[in-house]
Amino acid sequence: MGVNAKTGKVICPYCGTGCQVELHVEDNVIRSATGIDDNPVNEGNLCLKGFYGWDYVGAPDRLTTPMIRKKNGVFSKDGSLEPASWDEALDLVVAKMKEVKEKYGPDALVGNFSARCTLEDNYVAQKIMRAVIGTNNVDHCARI
């Protein structure tokens, strides 16, 4: 690693185990990750996500704004993706979730969250599904 290299210890965000990871960063890009030997949780070991799952952080094609599929300026499954404001995107999500809940009941909505979500993201999402939507059908991909 070069002159602009540094390391930092973090708790892996992928599941609730609490593995400690040392991220090796160069030129503001995560180059690798290693487990912390003296951490009693993972004793230096990492799962596949903890070891390899950091490339998305600096990915040049990572989305930085919400996208909505639109046709003639309004939401349409047949439309093309267009940038949207956070308010517009969240309003659409809320409206569609209400529509499904009213038509099919709360258990028709299943919370299945991405492998790229952090533990905190999954916690908030499951709280929304249980407290707001009224379903316990919640899953996430914090396992391999």
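## A buried lysine and its partner

Lysine 70 is buried, its relative accessible area being 10%, where buried means under 20%, exposed over 50%, and partly exposed in between, with a 1.4 Å probe and protein chains only. The model is predicted, so local features need pLDDT of at least 70 and side-chain atom pairs count only at pLDDT 80 or more, whereas totals for chains, interfaces and linings use all residues. Residues are numbered from 1 along each chain as its sequence is written, and side-chain values use heavy atoms, with hydrogens and water left out.

Lysine 70 forms a salt bridge with glutamate 88, with 2.7 Å between the closest N and O atoms; the term denotes a side-chain nitrogen of Lys or Arg within 4 Å of a carboxyl oxygen of Asp or Glu. This pair links distant parts of the chain, 18 residues apart, since lysine 70 lies in strand S4 (residues 67-71) and glutamate 88 in helix H2 (residues 86-104); helices (H or I, at least four residues) and strands (E, at least two) are DSSP runs, numbered from the N terminus. Glutamate 88 is partly exposed, at a relative accessible area of 32%.

## A pair within helix H2

A search of the whole structure finds two salt bridges, one of which joins lysine 96 to glutamate 99, the closest N and O atoms being 3.6 Å apart. Because these residues are three apart in helix H2, about one helical turn separates lysine 96 from glutamate 99. Lysine 96 is partly exposed at 33% relative accessibility, and glutamate 99 is partly exposed at 44%.
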